[in-house]
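Visitor: I have just opened this structure and would like to learn how to read it. Could you take me through some of its features, one at a time?

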Amino acid sequence: MRFRLRSCFSLLLLIVAAYAMFSARRWSFKTSLFPFATGIPLFVLAGTQLILELFGKDKAVRGPAVELEFSTDVDPAVARKRVAGILAWIAGFILLVFLVGFPIAVPVFIFSYLSLQSRVGWWLSFTLTAIAWLCFYGLFQWLLHLPFEEGFIQSLLGI
Amino acid sequence: MFDALIEGLFLVLQWKAFSLMMVGMGLGFIVGLLPGIGGAATLALMLPFIFKMSPAEAFAFLLGMHAVAATTGDITSILFGVPGEAISAATVVDGYPMAKKGEAGRALGAALMSSLVGALIGALVLALAIPIVRPLVLSFGSPELFMLAMVGIACITSLSGLGARSQIRGFATGFLGLLLSTIGQDRQSGTLRFDMGLMYLWDGLDLVPVLVGIFAIPEIIDLAVRGTAIAGDRQPENLQAGVIEGIKDTFRHFWLVVRCSAVGVFIGILPGAGGGVAQWVAYAHAVQSAKDAKDRERFGKGDVRGVLGPGAANNSKEGGELIPTVAFGVPGGGAMGILLGGFLSMGLTPGPDMLTKHLPITFSHHRAFVSCRPEPSGQGNLCAGRTDHPLCTLLGFCGKLHGERPNRRLDCDLHLRFARLSHGAFWLAATAFRSRLCVRETCRDLSLYIRKQIWIFLAHSSRGHRPHFAHRVGHRLSLYPRATQQKAGEPWCGLGCDLASVFFC
C-alpha cells in the first residue's frame with residue numbers, strides 16, 4: 001500500500017459523498033433523491049479510485065488530461081515566497097471587504113496594490129484607482145442600483 | 001415565407017431598430033466583459049425599457065445585447081483567463097495559454113470568427129428547423145434531460161485523459177459537480193440542502209464565482225509567481241496579423257467549426273441544457289477530433305482548435321435556443337425565459353402565431369441575432385382568469401396595499417413600500433401552477449413553472465431590521481431600491497424574485 005498526495009483528492013471525494021448521503025437520509029424522498037442519485041455513484045467511483053491508487057500498479061497513461069498549465073521555470077523558493085505574497089493580498093482583500101464593505105474596499109485595495117506591490121507612481125495609482133472606483137460605483141450603485149452589504153465596522157458603529 | 005424574411009430584414013434595418021440594436025450591442029459588450037453580471041440578468045434589467053418600443057425594435061435591442069454578451073465573454077477568457085460569462089469558461093483552457101504564448105490576437109480572431117460562423121449556422125437552422133423540431137422538443141422530458149446531462153459528463157470525462165483510471169476520475173469529478181449543484185433549496189419541497197446554516201447558500205452556488213475561483217485565482221497566482229506580463233518576455237505579436245491568422249484558422253478547420261456549431265444548435269434547442277454544456281461538449285468534441293495522442297497533447301497548451309470549438313458553439317446555441325422559445329413558448333434557457341416575458345409584454349403570444357401572423361417579427365429576431373452577433377402588463381390583468389393561486393394571491397395582497405396609498409406609483413421593479421406589517425420573510429416554494437395571463441387583449445392559459453422560490457418580504461424597517469434578505473440569499477436581482485434609501489421606521493412590502501427563473505411553459 002502506498003499513500004500518495006494525489007490519493008487525498010479521492011479520499012476527499014469519498015468523504016464528501018459519505019457526508020452528502022448521511023445528511024440526505026433525514027430528508028423526504030423527493031428531496032433526497034438527487035443527492036443519493038449522485039452521491040452513491042460518487043462514493044463508489046471515489047472508493048474504486050482510492051483502492052486503485054493505494055493497491056494498484058502504476059500504469060502508463062495512454063493519453064494526457066487536458067488541463068491548465070502553470071509555470072515550472074521559477075526557482076521553488078522564490079515561487080513559494082511569491083505565492084505567499086499574492087495569497088496574503090487576496091486574503092487581505094477579503095478581510096477588507098468584510099470589514100469596510102465592497103464600495104470602500106475596492107478603491108483602498110487597488111490603490112494599495114498599485115502603489116505598494118506594483119510600485120506604480122502615486123499619481124498614476126491615484127488616477128487608476130479613481131477610474132476603477134468610478135466604473136464600479138457608476139455601474140453597480142448608480143446605474144444598476146445594486147447595493148452591497150455594509151462592512152462589519154459600519155454595522156458595529158451603526159453608520 | 002420569403003416575403004416575411006425580407007420584411008423582417010427591413011424591420012431591423014429601420015434606423016430606430018438598428019440604432020437600438022447598436023445600443024444593445026454596446027451594453028452587451030460591457031456586460032460580457034464584466035465577470036459577474038450575466039447576459040440573462042442584464043436582459044431582465046432592460047425589460048422595463050422596451051415597453052415603449054415596437055416589437056421589432058425591442059427584440060433587436062434585447063437580442064443584440066444578448067448575442068454580444070455571449071461573444072465578448074470570450075475576450076476576457078482569452079486575455080486574462082477570467083471567464084466574462086459562465087458560458088465562456090471552456091475558452092479559457094486553450095485561449096489563455098495562447099495569450100501566454102503571445103498569440104492573443106490570433107486567439108481573439110479565431111474566437112470571434114468562429115462565433116460569427118456559429119451564429120450564421122444557428123440563425124440558418126432557426127429559419128429552417130421550426131417545422132422539424134417540434135416533435136423533438138416536445139418529447140424531451142426529465143429522463144431525456146438527465147440522459148443528456150450524462151452524455152455531457154461523459155464528453156467532459158474524455159478530457160481527463162485516456163485509460164480506465166482517468167475515466168473513473170473524470171466521472172467521479174462529474175458526479176461531484178452534480179452533487180454540488182444540489183446545494184441550496186430543493187425546488188420541489190423547499191427543503192434546504194447542505195446550506196451549513198449559511199443564508200448565502202440557500203440559493204445554491206453561483207456559477208460565476210465558482211468559475212473565477214477555479215480558473216482566475218490559480219492564473220493570478222501563477223502570474224504573480226512568474227512576475228512578468230501575461231505573455232512573458234516574448235516580443236509582442238503584430239495584433240492585426242494575429243487576428244487575420246485567427247480568421248484564417250477558422251476556415252482551415254472549417255468542418256470542426258461547423259460540427260461544433262451543430263452541437264451548439266442541438267443543445268440550444270433542448271430546453272434547460274444551458275450554454276455551459278454546449279461549450280464544454282463542443283470543446284470535448286474538438287479534443288476528440290485530434291488525430292492521435294501526440295496531437296491531443298497540444299490541447300490545453302494553446303491549440304487554436306480549442307478556441308474554435310467553444311467559440312462556434314457559444315453563438316450557434318443562441319439560434320437553437322430561439323427555436324422552442326418562438327415556436328412553442330418553451331424557453332431554451334434562462335435568458336430566453338426573460339425574452340419570452342418580453343414577447344408577452346409586447347402582446348405577442350409565442351406559438352403558432354409567431355410562425356403565421358407575426359412571421360416578419362420572428363424573422364426580425366433572426367436578423368437581429370445574425371447582425372450582431374406601451375404599456376406594461378398590469379398586475380390586475382395577470383389575475384384576470386383565476387385568483388386562487390399563490391402568485392395572484394400575492395399580487396392581490398400587494399395590490400391592495402398599493403390601493404391604500406394611490407398617490408404612490410407602482411414601481412416598474414415591483415417594489416412596494418406601503419405595508420405596516422411585522423418584520424419577516426417567507427417564500428413560495430418553487431412550484432408549477434396554472435394561470436390565465438392577459439396582456440392587452442390577448443389572453444392565454446399558461447402553466448407557470450417557477451424554477452426558484454419567490455421571496456416575499458414583510459418588514460417594518462428600522463435601523464436594526466434592514467431588509468437585506470435578497471442580497472444575502474444569493475445575488476438575485478435587486479427588485480427594490482437600495483436599502484440605504486429606506487428611511488428608518490418606514491414600513492414596506494417587497495416582492496423579490498429571480499426573473500431569470502420564471503419560466504412560462
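Guide: Let us begin with a single residue, bearing in mind throughout that this is a predicted model. Pro107(A) has a relative accessibility of 17%, and since the limit for a buried residue is under 20%, it counts as buried. Pro107(A) is found in helix 4 of chain A.

Visitor: Which residues is Pro107(A) in contact with, once its neighbours within four places in sequence are left aside?

Guide: With those neighbours left aside, Pro107(A) is in contact with Thr129(A) and Trp133(A). Distance along the chain and distance in space can also be set side by side: Pro107(A) and Leu134(A) are 27 residues apart in sequence, while their C-alpha atoms are 9.5 Å apart in space.

Visitor: Where does Thr129(A) lie, and is it buried or exposed?

Guide: Thr129(A) lies in helix 5 of chain A, which covers residues 122–143, and with a relative accessibility of 8% Thr129(A) counts as buried. Beyond four places in sequence, the contacts of Thr129(A) are with Pro107(A), Ile110(A), Phe111(A) and Leu114(A).

Visitor: What lies in the loop between helix 4 and helix 5 of chain A?

Guide: One residue placed in that loop, between helix 4 (102–117) and helix 5 of chain A, is Arg119(A). Arg119(A) is not a glycine, and yet it has a positive phi of about 55 degrees. With a relative accessible area of 70%, Arg119(A) is exposed.

Visitor: How many helices and strands does chain A have?

Guide: Chain A has six helices and zero strands, so that its pattern, read along the sequence, is α-α-α-α-α-α. Of the 159 residues in chain A, 31% count as buried.

Visitor: What is the relative accessibility of Ser23(A), and in which helix does Ser23(A) lie?

Guide: Ser23(A) lies in helix 1 of chain A, and at 4% relative accessibility Ser23(A) counts as buried. The C-alpha atoms of Ser23(A) and Pro35(A) are separated by 9.1 Å, the two residues being 12 residues apart along the chain.

Visitor: At what angle do helix 7 and helix 8 of chain B cross?

Guide: The axes of helix 7 (residues 142–157) of chain B and helix 8 (residues 164–180) of chain B cross at roughly 135 degrees and come within 9 Å. That angle makes helix 7 of chain B oblique to helix 8 of chain B, and the crossing of the two is right-handed. On the side of helix 7 of chain B the contact is made by Met150(B), Ile153(B), Ala154(B) and Thr157(B), and on the side of helix 8 of chain B by residues including Gly170(B), Phe171(B) and Gly174(B). By class, the residues of this contact between helix 7 of chain B and helix 8 of chain B are six nonpolar, four polar and no charged.

Visitor: Where is Thr250(B) found, and is it buried or exposed?

Guide: Thr250(B) is found in helix 10 (residues 239–252) of chain B, and at 0% relative accessibility Thr250(B) counts as buried. Leaving aside neighbours within four places in sequence, its contacts include Ala110(B), Val117(B) and Leu308(B).

Visitor: What is the mean pLDDT of chain B?

Guide: Where pLDDT is low, the predicted coordinates should not be read in detail. Chain B has a mean pLDDT of 67, and 60% of its residues reach 70 or more. Over residues 366–440 of chain B the pLDDT is below 50, although the model has 197 contacts for this stretch beyond near neighbours in sequence.

How values were computed
Residues are numbered from 1 along each chain as its sequence is written. Chains are lettered from A and ligands numbered from 1 in the order in which they are written. This is a predicted model: local features need pLDDT of at least 70, side-chain atom pairs count only at pLDDT 80 or more; totals for chains, interfaces and linings use all residues. Side-chain values use heavy atoms; hydrogens and water are left out. pLDDT is the predictor's confidence in each residue, from 0 to 100. Contact means heavy atoms within 4.5 Å. Helices (H or I, at least four residues) and strands (E, at least two) are DSSP runs, numbered from the N terminus. Buried means under 20% relative accessible area, exposed over 50%, partly exposed in between (1.4 Å probe, protein chains only). Axes are lines fitted to C-alpha atoms, for helices over the stretch in contact, and angles run from 0 to 180 degrees between N-to-C directions. Angles under 35 degrees count as roughly parallel, over 145 as roughly antiparallel, 65 to 115 as roughly perpendicular and the rest as oblique. A crossing is left-handed if the near helix is turned anticlockwise from the far one by less than a right angle, and right-handed if clockwise. Ala, Val, Leu, Ile, Met, Phe, Trp, Tyr, Cys and Pro count as nonpolar, Asp, Glu, Lys and Arg as charged, and the others, Gly among them, as polar.
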